[in-house]
Every structure is written in C-alpha cells, then in structure tokens.
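I opened this notebook to keep track of what I looked up, entry by entry.

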Amino acid sequence: MKRVISCLVGTILLLSSISFSSLATNGGIQTCASLCGDCNRGEMVQTSIERSSWYSVGYIPCSYNKPNYNDTIKRRTITAVYECTYCHRGESNTHYEEEVVHDHP
C-alpha cells in the first residue's frame, strides 16, 4: 500500500513539475524541457494553446454560508500543442481548470 501511494505521489509531482518547468516564453512559443520521444534530438516546444469556454459541472454550498444558496463549480478545457524542433512531430496535452463562482446575492 505504501508503494502504491509513493508511486501516486511521485507521478503527481512529476506531472506538476513538467507543467511548471516551461515558464519562459519566446515570442509566444513556450519551450518545454523535454526531448522529442521519436528522434531524441529536438526539443518539444509549445506552438499553440486553446482554452474552452467555462461550463458548469456542479454546485457546492455557498462559501459565505448563505443558507439556500449554492456556488457554481465551473470548468474549462485547456489544450496545449507541442512540436519537435528537429523532426516536427506534434503532440498535445489536455488538462482541466476549475473555479468556484459565487454568482448569487
């Protein structure tokens, strides 16, 4: 059980470090720290990013403790497209962003 939890925590840390390792931008193209999995020569660089519109996915009790009111949980999809600088292979990464909206009196 400890081994499963350790692997899960390690995977989460690895995925979060990958997403935060590419913070520097160069003219709208964001460099990713990984080498291409096909050619092992070029770097994977972000060529575009798309964000969907926010949509409701659920409700929770009001965060300000107002009785009979719910806050809305909203989500949007974010898709980043990467391309190898050497062989031009492309790949994408999709994740979700959520927010809680206090949209009532």
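Is N68 buried or exposed? I looked up its relative accessible area, which is 84%, so N68 counts as exposed, the cut-off for that word being over 50%. I note for every entry here that the model is a predicted one.

Backbone of N68. I then turned to the backbone angles, where I found that the phi of N68 is positive, near 65 degrees, in a residue other than glycine. As to its place in the chain, N68 belongs to the loop that runs between β4 (55-61) and β5.

Strands β5 and β6. For one residue I wrote down the partner by name: V81 has its bridge partner in β6, namely S92.

Which residue in the hairpin of β5 and β6 takes a positive phi? I found H88, with a value near 65 degrees, in a hairpin that has 5 residues between the strands. H88 lies in the loop between β5 and β6, and I noted that H88 has this positive phi although it is not a glycine.

Rings and charges. For the aromatic side chains I looked for ring pairs with centres within 6.5 Å, and the count came to 0 aromatic pairs. I also checked for charges over rings, and here I recorded that the charged end of R75 sits over the ring of Y96, at 5.5 Å from the centre of that ring.

Terms used: Residues are numbered from 1 along each chain as its sequence is written. This is a predicted model: local features need pLDDT of at least 70, side-chain atom pairs count only at pLDDT 80 or more; totals for chains, interfaces and linings use all residues. Side-chain values use heavy atoms; hydrogens and water are left out. Two strands pair if DSSP finds at least two bridges between them. Helices (H or I, at least four residues) and strands (E, at least two) are DSSP runs, numbered from the N terminus. Rings of Phe, Tyr and Trp (its six-membered ring) pair if their centres lie within 6.5 Å; planes under 30 degrees apart count as stacked, over 60 as edge-to-face and the rest as tilted. A charge sits over a ring if NZ of Lys or CZ of Arg is within 6 Å of the ring centre and within 35 degrees of the ring normal. Buried means under 20% relative accessible area, exposed over 50%, partly exposed in between (1.4 Å probe, protein chains only).
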